[in-house]
Amino acid sequence: MEEKLVQRLESAVVRLEALSTGFTARSLPEIGDDAPLDPSILAFDDLLGQYLARVSAAAEKIGGQVLEVTAILQEAFTVLRELLVKVKQTQKPDLAGLAEFLKPLNEVISKANKLAEGRRSDFFNHLKAAVDSLSALAWIAYTGKECGMSMPIAHVEESWQMAEFYNNKILVEYKSKDPNHVEWAKALKELYLPGLRDYVKSNYPLGPVWSSTGKAVTAAPPKAPRPSAPAPPPPPPASLFTSESSQPSSSTGYKQGMSAVFQEINSGKPKTSGLRKVTDDMKTKNRAERTGVVGSSEKETRTSAPSFSKAGPPKLELQMGRKWVVENQIGKKSLVIDDCDAKQSVYIFGCKDSVLQVQGKVNNITVDKCTKMGVVFRDVVAAFEIVNCNGVEVQCQGSAPTISVDNTAGCQLYLSKESLGVSITTAKSSEINVLVPGSEPDGDWGEHSLPQQFVHIFKDGHFETTPVSHSGG
């Protein structure tokens with residue numbers, strides 16, 4: 001009894017300290033006689049006071065959109081706490097009831113997503129790191145192996161991996177600029193790892209524990225339309241991409257089109273009645289802007305145009321059970337391949353401004369003709385290859401024996417401690433930077449640029465090649 005009382009007092013002190021550092025009143029529950037005495041709820045309050053308060057304190061110093069998204073982050077954790085209290089008083093719902101139960105949390109996450117949409121701001125990486133991390137709170141939706149989710153502990157870790165891609169960018173960008181941004185990024189990571197992960201591991205390793213005698217949750221009935229509401233607008237005209245069953249076949253359309261042509265010909269009207277007359281100023285030989293000389297700007301435009309073929313439909317599929325194909329994805333930041341094994345390969349082609357996460361070990365990964373593409377992967381058995389790309393960022397969270405970069409302009413490689421022994425091969429590439437973790441757990445990332453210029457000297461019957469070293473002076 002005395003130990004529980006001491007724990008409650010310590011929790012109250014931690015929360016009061018958080019309030020004194022600028023933590024909003026809504027972020028933490030009120031301390032009163034009716035506060036839940038459940039150890040898991042008290043532990044969650046400790047999590048808020050210890051980790052979330054640190055994120056909030058750093059956001060107060062930065063302000064702007066960082067403070068705004070941090071406020072939404074606090075709101076999401078507050079809603080999660082409310083749901084944890086309700087779990088103790090509610091029977092395990094069905095799928096529709098679970099959606100209704102999680103509705104408050106979904107609304108907060110939707111609010112965060114809207115904040116990260118639209119025009120890209122200067123704090124885009126902050127917004128994406130915070131927004132992507134909120135998916136970790138969905139561990140409370142785990143209802144068993146048949147629900148299709150990972151176990152709660154694994155779900156928290158996997159959700160943070162996507163957010164870590166943007167979080168690492170913050171650490172690199174502000175390493176020597178502003179320590180407040182670095183503190184915010186480090187605090188955000190510790191909120192999930194080890195914060196939320198250890199909390200789930202200690203209290204809900206198998207998911208939330210529902211009450212057997214509590215009240216049942218049912219889906220809300222659909223609202224009846226108001227009598228005074230205006231009638232819905234008529235359906236739009238049929239799209240060009242409707243199903244085949246609602247469109248005539250190509251042969252039928254051809255016959256109808258040709259019959260209309262012959263009917264027009266046989267109508268007796270003058271054959272040129274519907275044609276416009278070409279005046280002298282419309283003729284090519286009389287147009288002043290048309291000359292036989294090709295300007296230099298036109299030459300540059302033609303030569304600098306990319307040689308990519310016309311983009312096909314976007315793909316993310318497993319072919320023949322051996323090869324994952326990711327093609328023509330544009331602006332997709334949440335692509336995930338989670339059901340993979342060491343015998344499968346991943347081929348990424350023609351993607352732009354997208355992020356792909358490969359969760360699991362695969363044989364090899366190839367990135368071909370992509371622009372502003374981000375790839376986060378765990379382990380590869382053979383190699384990770386980058387070919388004909390522009391502005392690629394790759395993060396290895398496990399091990400990779402070989403990484404090759406060929407004919408690529410702009411490449412950022414983030415290595416884990418397990419992958420520091422990787423062999424990196426480059427050819428016809430420029431602007432390649434490799435970032436390695438610091439020697440200490442909270443140390444800054446070290447950035448190393450790979451040489452792209454070499455000196456070849458003929459000596460003793462053979463050429464000796466050394467990278468060019470630049471000295472200031």
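Q: In which helix is Pro194 found?
A: In this predicted model, Pro194 is joined to Leu193 by a cis peptide bond, with omega of about 20°. The element in which Pro194 is found spans residues 179-203, and that element is helix α8.

Q: Which residue makes a side-chain polar contact with the side chain of Lys333?
A: Lys333 is found in the loop between β2 (323-327) and β3 (335-337). Leaving aside neighbours within four places in sequence, Lys333 is in contact with Phe124, Lys128, Met162, Tyr166, Asp353 and Val355. The polar contact between side chains, at 2.7 Å, is the one that Lys333 makes with Asp353.

Q: Is Lys333 buried or exposed?
A: The relative accessible area of Lys333 is 16%. Because a residue counts as buried when this value is under 20%, Lys333 is buried.

Q: Is Lys372 buried or exposed?
A: Lys372 lies in strand β6, which covers residues 371-387, and has a positive phi of about 50° although it is not a glycine. The relative accessibility of Lys372 is 56%, and since the cut-off for this class is over 50%, Lys372 counts as exposed.

Q: What is the phi of Glu431, which is not a glycine?
A: Glu431 lies in strand β11, made up of residues 430-436, and at 55% relative accessibility Glu431 counts as exposed. Although Glu431 is not a glycine, its phi is positive, with a value of about 55°.

Key: Residues numbered from 1 in each chain as written. Predicted model: local features only at pLDDT ≥ 70, side-chain atom pairs only at ≥ 80, totals over all residues. Heavy atoms only, no water. Helix = DSSP H or I, 4+ residues; strand = E, 2+ residues; numbered from the N terminus. Buried < 20%, exposed > 50% of the residue type's maximum accessible area, 1.4 Å probe, protein only. Polar contact = N/O pair within 3.5 Å; in protein donor to acceptor, adjacent residues only side chain to side chain. Contact = heavy atoms within 4.5 Å.
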